[in-house]
Amino acid sequence: MEQTLDRRPRFRAFEALQHRDFRLLFLGQAVSLVGDAAFVTALAWRTFDLAGSSKLGIVLACQSIAVLTTVLVGGALADRFSRRRMMIVSDVVRFCAVGGLALVDASGQLTFGWIVVFAVVMGLGDGLFYPAFGGMVPLVVDRPMIASANSLIGLARWGSILFGPALAGLLYAPVGSATVFAVDAASFLVSGSLVWRTRPRRFATEESEGTFRGIATGARYVARVPWLWVTICLFALVLMLQFAPQQVLLPKLVESRWHRGVGSYALLTTLLGFGTVLGTLAFGQLQPRRRRGVLCYVLFVLNSLALAGFALSPWYWLAGGLSVVRGVCIGFAIGVWETILMELVPDHLLSRVVSLDFFGSFGLMPLGLALSAVVAGVAPPDLLIACGAAVSAVLIALPLTRPWLRAID
């Protein structure tokens with residue numbers, strides 16, 4: 001790892017770019033995430049054209065289940081073996097999945113069944129990638145620059161929401177969905193080749209143990225740390241109560257409350273992404289060091305309250321402004337949380353904790369999506385989204401008085 005400069009840059013959010021290995025990692029992720037966002041957009045339209053809108057939910061559910069199937073195994077393997085190698089293997093798996101989808105689509109033989117198969121393989125690769133990547137970041141930057149690194153990764157993650165769908169829109173009509181899929185497949189080759197050039201520092205691993213015993217060891221560690229297990233369990237409920245209804249009911253809300261169409265629906269997503277980029281950059285510039293646990297929870301409470309106001313807003317543009325506010329809160333809070341994980345969790349356990357965080361937080365999402373679909377016809381979408389957000393705000397606020405949360409600096 002190259003030496004960092006003594007003089008810290010004026011814009012602290014970008015200081016992690018001083019490290020060659022992080023630049024390679026960041027560039028690979030920026031390319032891959034834009035490709036993924038384009039892929040999701042093209043996949044949605046291709047599935048709709050081929051099988052109807054109801055089938056898209058099945059595809060996304062199957063992909064999500066595939067991610068949850070491998071994410072815990074991926075965390076255990078990434079703590080035993082090379083995280084760099086795990087990321088490259090995952091990129092190869094996802095290249096094969098999306099490249100295969102592009103080839104079948106271009107041949108004119110694509111069916112709904114093929115879409116499900118390739119989406120599942122893509123999800124299996126994602127599950128291997130996320131824990132390895134989460135454990136990789138602290139290995140390519142100095143510890144004081146972890147906050148900057150997370151800010152830049154967040155910038156790539158949320159910025160892809162702005163650029164990826166636009167790329168898909170530019171390519172889909174003139175050259176077809178197969179080309180969009182091929183572009184995403186190529187992005188995995190770019191990411192894998194850049195990761196291959198990195199030279200992360202080594203970390204001390206524990207004595208060799210089986211994969212499932214490794215998962216159990218990680219789970220026991222999480223169970224001993226209140227701020228970890230409480231947050232993971234809490235956000236499993238919050239994502240089920242708040243995020244899932246928003247995903248399912250937002251199109252209906254836009255149409256029934258503000259009498260607008262798909263363009264206005266897309267704009268709300270864009271505004272949320274814009275706010276998240278702002279929040280991520282603000283976190284990277286400010287890099288708070290005191291009361292970070294409380295700060296993270298307060299921001300998520302504000303996000304839930306803003307979502308409730310969003311759902312009940314009588315004016316579309318007020319809802320748009322609240323989308324930006326929500327994005328700022330989400331981007332800043334996620335930056336804080338990821339930095340806390342990377343700084344406070346031991347290196348040899350980090351990938352397993354990242355995988356448990358992902359698995360626990362999103363484990364109830366399929367149930368939340370199903371319940372949201374069931375109750376969609378029972379009550380207005382604004383009331384359902386607002387109630388879910390209000391309950392979530394109360395749940396998140398409950399631990400604010402706990403000493404273990406206030407102790408996180």
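## Basis of the description

Helices (H or I, at least four residues) and strands (E, at least two) are DSSP runs, numbered from the N terminus. The model is a predicted one, in which local features need pLDDT of at least 70 and side-chain atom pairs count only at pLDDT 80 or more, while totals for chains, interfaces and linings use all residues. Residues are numbered from 1 along each chain as its sequence is written, and side-chain values use heavy atoms, with hydrogens and water left out.

## Helix 5

Helix 5 covers residues 146-175, and its end C-alpha atoms lie 41 Å apart, which agrees with the 44 Å that its 30 residues should span at 1.5 Å a residue (the expected span is 1.5 Å times one less than the number of residues). A kink of about 40° is centred on Ser-160; the bend at a residue is the angle between axes fitted to the seven residues ending there and the seven starting there. Just after helix 5, Gly-176 adopts a positive phi of about 95°.

## Packing of helices 8 and 12

Helix 8 (residues 226-258) packs against helix 12 (residues 350-362) at an angle of about 30°, and their axes are 7 Å apart. Axes here are lines fitted to C-alpha atoms, for helices over the stretch in contact, and angles run from 0 to 180 degrees between N-to-C directions.

On the helix 8 side, the contact (heavy atoms within 4.5 Å) involves Leu-228, Ile-232, Phe-235, Ala-236 and Leu-239. Helix 12 contributes Val-353, Leu-356, Asp-357, Gly-360, Ser-361 and Phe-362. By class, this contact comprises eight nonpolar, two polar and one charged residues. Ala, Val, Leu, Ile, Met, Phe, Trp, Tyr, Cys and Pro count as nonpolar, Asp, Glu, Lys and Arg as charged, and the others, Gly among them, as polar.

## Cavities

Two cavities of 30 Å³ or more are present in the structure. On a 1 Å grid over the protein atoms alone, a cavity is a set of points where a 1.4 Å probe fits but cannot get out, and lining residues have an atom within 4 Å of a point. Grid points are joined across faces, edges and corners, and a volume is the space filled by probe spheres set on the points.

The largest cavity holds about 40 Å³ of space. Its lining consists of Trp-227, Thr-231, Gly-293, Cys-296, Tyr-297, Trp-337, Ile-340, Leu-405 and Ile-408. Helix 10 supplies the largest share of this lining, three residues. The lining of the largest cavity has seven nonpolar, two polar and no charged residues.

The second largest cavity, of about 30 Å³, is lined by Asn-150, Gly-154, Arg-157, Trp-158, Thr-280, Gly-331, Ile-334, Gly-335 and Glu-338. Helix 5 and helix 11 are the elements that give two or more residues to this lining. Its residues divide into two nonpolar, five polar and two charged.

How values were computed: On a 1 Å grid over the protein atoms alone, a cavity is a set of points where a 1.4 Å probe fits but cannot get out, and a pocket is an open set with protein on both sides within 12 Å along at least five of seven lines; lining residues have an atom within 4 Å of a point.
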